Amino acid sequence: MLILKPNCELCDIDLAPDSKDARICSYECTFCADCVESVLENVCPNCGGGFSPRPIRPARAYRTGVSVQDHPASGERVITKLSRDEIKLFSSRLKSIKAENR
């Protein structure tokens, strides 16, 4: 099941479970839309993949047991250990390659 991380791993801004600004890579690394666009340049600093909007889990169960109430967001905050300089260097090497071709 998708882990709904509570924050951007770079700037640490809160990302509520229903945030339209949350972006994830295929490994569920989570960043805000602003960091993905302005700093990461659509390159995940952890895996090199691209980002997609994080799906929003239904607030109420339309089927028994499947909602954010039944499967709440994680409370564990994750912050990248990479410096912005390391991230910029990594992104600069991959940003010209379309995410689906990386």
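Here are a few friendly notes on the core, the helix packing and the aromatic pair of this model.

1. Some ground rules. This is a predicted model, in which local features need pLDDT of at least 70 and side-chain atom pairs count only at pLDDT 80 or more, while totals for chains, interfaces and linings use all residues. Residues are numbered from 1 along each chain as its sequence is written, and side-chain values use heavy atoms, with hydrogens and water left out.

2. The core. The largest nonpolar core has 15 residues, and Cys8, Leu10, Phe31, Leu40 and Phe51 have the most contacts inside it. Such a core is a set of buried Ala, Val, Leu, Ile, Met, Phe, Trp, Tyr and Cys residues joined through side-chain atoms within 4.5 Å. Buried means under 20% relative accessible area, with exposed over 50% and partly exposed in between (1.4 Å probe, protein chains only). Strand E2 (30-32) and helix H1 (33-40) are the elements that give two or more residues to this core, and H1 has the largest share, four residues. Helices (H or I, at least four residues) and strands (E, at least two) are DSSP runs, numbered from the N terminus.

3. Leucine 10. Beyond its neighbours within four places in sequence, leucine 10 is in contact with Phe31, Cys35, Val39, Leu40, Thr80, Arg84 and Ile87; contact means heavy atoms within 4.5 Å.

4. Helix H1. Ala33, Cys35, Val36, Val39 and Leu40 are the buried residues of H1, and they pack against strand E1 (22-24), E2 and helix H2 (84-94). Just after H1, have a look at glutamate 41, which takes a positive phi of about 55 degrees.

5. H1 against H2. The two helices pack at an angle of about 70 degrees, with their axes 10 Å apart. H1 and H2 are therefore roughly perpendicular to each other, a label for angles of 65 to 115 degrees (under 35 is roughly parallel, over 145 roughly antiparallel and the rest oblique). On the H1 side, Ser38, Val39 and Leu40 meet Arg84, Ile87, Lys88 and Ser91 of H2.

6. The aromatic pair. The structure holds one aromatic pair. The ring centres of phenylalanine 31 and phenylalanine 51 are 5.5 Å apart and their planes are at 80 degrees, so the pair is edge-to-face. Rings of Phe, Tyr and Trp (its six-membered ring) pair if their centres lie within 6.5 Å, and planes under 30 degrees apart count as stacked, over 60 as edge-to-face and the rest as tilted. Phenylalanine 31 is buried, with a relative accessible area of 0%, and phenylalanine 51 counts as buried at 12% relative accessibility.

Note on methods
Axes fitted to C-alpha atoms, helices over the stretch in contact; angles between N-to-C directions.
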